[in-house]
Amino acid sequence: MGRAITRRGYSLSPNAPEHPVDQIEIFHGDTDVVPRGGVTGGSRSAQKAGSAIAIATESLVDLARQQAARLLEAAVDDVVLDLERGRFHVKGAPGAQTYGWADLASAHTESGEDWLFGCENDFDGEGPTVPYGAYAAVVEVDIETGETSLLRMITVDDAGAIINPMIALGQVHGGLAQAIGQALYEEFVYDANGNPLTANFLDYAVPSAAEMIQFDCTLTEHPSPNNPLGCKGIAESGTIGGVPAVQNAVIDALSHFGVRHIDLPLSPLRVWQALRAVREER
């Protein structure tokens with residue numbers, strides 16, 4: 001379940017600016033404040049928690065409009081929120097009397113009403129979203145040593161409506177680093193008695209910054225109909241598309257020798273052994 005409680009996340013100080021981001025506090029992991037919730041796995045944070053926040057925020061705006069209407073002695077339908085200034089005013093009269101969030105919260109507190117000036121929402125969604133994408137890798141394989149060099153990685157992902165492109169691309173980049181590690185380096189090895197032989201980072205190889213390249217990543221947007229934000233998943237995209245892209249690129253580079261398959265990871269030894277095997281068959 002996605003959950004958001006929109007409370008008075010702003011300063012009531014008369015000297016505080018009206019609409020800075022730092023007036024918003026986010027609480028998570030505190031069951032006194034957020035008694036229900038779920039895990040962040042499965043690319044669900046923006047879809048579920050984000051949608052819950054969006055719905056709760058819209059409800060809070062409606063509640064604030066009602067409070068502003070009472071103070072402005074106007075009909076609720078005639079009160080609008082100026083998003084630039086973060087103030088409520090009568091429609092068509094932005095230069096007249098206005099009320100900010102702190103004003104409305106103070107008026108609500110002073111009125112003695114026993115209901116919280118805030119809103120909450122649980123959001124579960126009507127069904128799964130279906131992100132999609134395409135991944136391509138360009139590699140160079142040294143047939144004498146079996147060493148694989150990754151030259152290019154080109155990706156296109158559709159994650160629905162993108163809230164923050166930098167974060168979305170960061171998810172893809174991180175997933176690609178993990179995928180490259182899985183495809184080329186990382187492997188658990190055990191002896192005949194089941195004892196792990198790769199119990200530290202001297203034996204268990206992982207890619208470092210030196211093995212990474214500049215990725216060519218693009219995002220497209222086709223919003224999902226299953227949540228109000230139109231978001232889809234993105235966090236696992238690089239791990240899903242990157243591994244087969246790298247493996248297929250290596251196999252394609254060696255296909256004219258007769259190589260059709262190599263188990264992961266594509267270590268130099270395994271690539272060299274695959275080449276030797278097809279040569280011996282000839």
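Lys232 is buried in this predicted model, because its relative accessible area of 10% falls under the 20% limit. Asp158 also counts as buried, at 2% relative accessibility. Lys232 and Asp158 form a salt bridge in which the closest N and O atoms are 3.0 Å apart. This pair links distant parts of the chain, since Lys232 sits in the loop between E8 and H4 and Asp158 in strand E7, 74 residues apart.

**Salt bridges**

The count of salt bridges comes to eight.

| Asp216 | Arg152 | 2.8 Å |

In the salt bridge between Asp216 and Arg152, Asp216 belongs to strand E8 (residues 216-220) and Arg152 to strand E7, so the pair ties together parts that are 64 residues apart in sequence. Asp216 is partly exposed, with a relative accessibility of 31%. Arg152 is partly exposed as well, its relative accessible area being 44%.

Glu280 and Arg276 are both in helix H5, four residues apart, which is about one turn of the helix. Glu280 counts as exposed at 58% relative accessibility, while Arg276 counts as partly exposed at 40%.

**Sheet and helix**

Strands E6, E7 and E8 make up an open sheet of three strands, in the order E6-E7-E8 and with mixed pairing. E6 and E8 are the edge strands, each pairing on one side only. On average, neighbouring strands of this sheet are turned by 10° against each other, direction ignored.

The pairing of E7 with E8 is parallel and extends over five bridges. Thr155 stands opposite Cys217 in E8. Helix H4 lies across E6 and E7, and runs at about 40° to E6.

**Nonpolar cores**

The largest nonpolar core has 33 residues, and among these Met153, Leu254, Val259 and Ile262 touch the most other members. The elements giving two or more residues to this core are strands E6 (132-141) and E7 (148-158), together with helices H3 (165-184), H4 (237-254) and H5 (268-281).

Which residues does Val259 touch, not counting those up to four places away in sequence? They are Ile251, Leu254, Ala274, Leu275 and Val278. A second, separate core contains 15 residues, including Ala69, Leu104, Ala105 and Cys119.

Ile55 lies in helix H1, which covers residues 45-72. Is Ile55 buried or partly exposed? With a relative accessibility of 24%, Ile55 counts as partly exposed, because that value lies between the limits of 20% and 50%.

Leaving aside neighbours within four places in sequence, Ile55 is in contact with Asn121, Phe123 and Pro228. The C-alpha atoms of Ile55 and Asp122 are separated by 8.9 Å, and the two residues are 67 residues apart along the chain.

How values were computed:
Residues numbered from 1 in each chain as written. Predicted model: local features only at pLDDT ≥ 70, side-chain atom pairs only at ≥ 80, totals over all residues. Heavy atoms only, no water. Core = buried A, V, L, I, M, F, W, Y, C linked by side-chain atoms within 4.5 Å. Buried < 20%, exposed > 50% of the residue type's maximum accessible area, 1.4 Å probe, protein only. Contact = heavy atoms within 4.5 Å. Salt bridge = Lys/Arg side-chain N within 4 Å of Asp/Glu carboxyl O. Pairing = 2+ DSSP bridges. Axes fitted to C-alpha atoms, helices over the stretch in contact; angles between N-to-C directions.
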